[in-house]
Amino acid sequence: MKPVLIFIVGLFCASLAYAEGMRENIAELACTNFPPFKIESRQTGTPHSGIDLDAIEQAFAVTNQKVAFNFYPWKRAVTMVQNGKAHALCGCDYRPEREEEYIYSDMVGFHSQGVFVNADSPLTNIESLSDLTGKTVGTVRGYALEKTLTSIPNIKVAPANNGDQLLRQLVNKRVDAIYAYRDVIFYHQKLNKETTDIRYFELKSLPYYVCFSRTIPDIRMIVDAFNQGIRTIRFNGTYGEIRQNYR
């Protein structure tokens, strides 16, 4: 078979497979476990949840667009969207170099990040990470925050596997401070009510978005549906109610 003919047949088959999926009217989103924003359920019959998933589902419901959430490690989720095997990432921050691969939705929310210390800590005024020089600081392994923290001289970094373990490091005084996403720690604090005596110093707050794949035909229709929906649920108060449910 000639190369051109092989290419045409392959393109035709791919189009049929894509069309079959779209007849079901389901937007497939690739997510990574990140409570309270994205909470993976591993129990049959219990749906995935979280601030972002609830907001995305309600936003799509405005235009009757169905959505499915599938959980993967971060790198695999990115690859799936880049290759057109999923419509979008459940969330990512903005970087100029990503413009070639993703269509950014309207803003979904903000990720605030900063430093937590125990209430009795001598650290009473933290305006930058350099204020933690000479200290042992915990952060979640693999997050972008770890890379930022390791770039600061004379800070001993103590990686944790997740937000719950990170909070316990602080409460049990195995570290002087932790560098984390605000809502992640507050979420685990809510689940572990004994961990109430901590203080938070915010250093940064950045917007994040649903990041749609540019490789999927007619993706703009799904992007537009989501943008219309996210604006609607912000205006009618639904988005605020969703966030309140996880505080």
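A residue is called buried when its relative accessible area is under 20%, exposed when that area is over 50%, and partly exposed in between, with a 1.4 Å probe and protein chains only. By that rule, buried residues make up 43% of the 247 residues in the chain. This is a predicted model, in which local features need pLDDT of at least 70 and side-chain atom pairs count only at pLDDT 80 or more, while totals for chains, interfaces and linings use all residues. Residues are numbered from 1 along each chain as its sequence is written, and side-chain values use heavy atoms, with hydrogens and water left out.

**The chain overall**

- The secondary structure comes to eight helices and eight strands, where helices (H or I, at least four residues) and strands (E, at least two) are DSSP runs numbered from the N terminus.
- Of the contacts (heavy atoms within 4.5 Å) with a separation of 6 or more, 69% are between residues 24 or more positions apart.

**The sheet**

- Eight strands form an open sheet of mixed pairing in the order E2-E1-E3-E8-E4-E7-E5-E6, two strands being paired if DSSP finds at least two bridges between them.
- The edge strands, each pairing on one side only, are E2 and strand E6 (156–160), and the twist averages 30° from one strand to the next.
- E1 and E2 run parallel and are joined by six bridges, with Lys66 in E2 as the bridge partner of Ile26.
- Strand E5 (residues 136–140) and strand E7 (residues 177–181) also run parallel, joined by two bridges, and Gly138 has Ile178 in E7 as its bridge partner.
- In a regular strand the side chains alternate between the two faces of the sheet.
- E2 has a covered face made of Val67, Phe69 and Phe71, and an uncovered face made of Lys66, Ala68 and Asn70.

**Helix H2 and its neighbours**

- H2 and helix H7 (residues 219–235) pack at an angle of about 105° with their axes 7 Å apart, the axes being lines fitted to C-alpha atoms, for helices over the stretch in contact, and the angles running from 0 to 180 degrees between N-to-C directions.
- H2 is therefore roughly perpendicular to H7, on a scale where angles under 35 degrees count as roughly parallel, over 145 as roughly antiparallel, 65 to 115 as roughly perpendicular and the rest as oblique.
- Residues of H2 including Ala55, Ile56 and Phe60 meet residues of H7 including Ile222, Phe226 and Ile233.
- H2 and helix H8 (residues 238–245) pack at an angle of about 155° with their axes 9 Å apart, which makes H2 roughly antiparallel to H8.
- The contact between these helices is made by Ile51, Asp54, Ala55 and Gln58 of H2 and by Thr238, Tyr239, Ile242 and Arg243 of H8.

**Helix H3**

- Helix H3 (residues 74–82) lies across E1, E3, E4 and E8, and runs at about 115° to E3.

**Gln65**

- Gln65 sits in the loop between helix H2 (51–61) and strand E2 (66–71).
- Is Gln65 buried or exposed? Gln65 counts as buried because its relative accessible area is 11%.
- Not counting residues up to four places away in sequence, Gln65 touches Asn25, Ile26, Ala27, Phe60 and Ile222.
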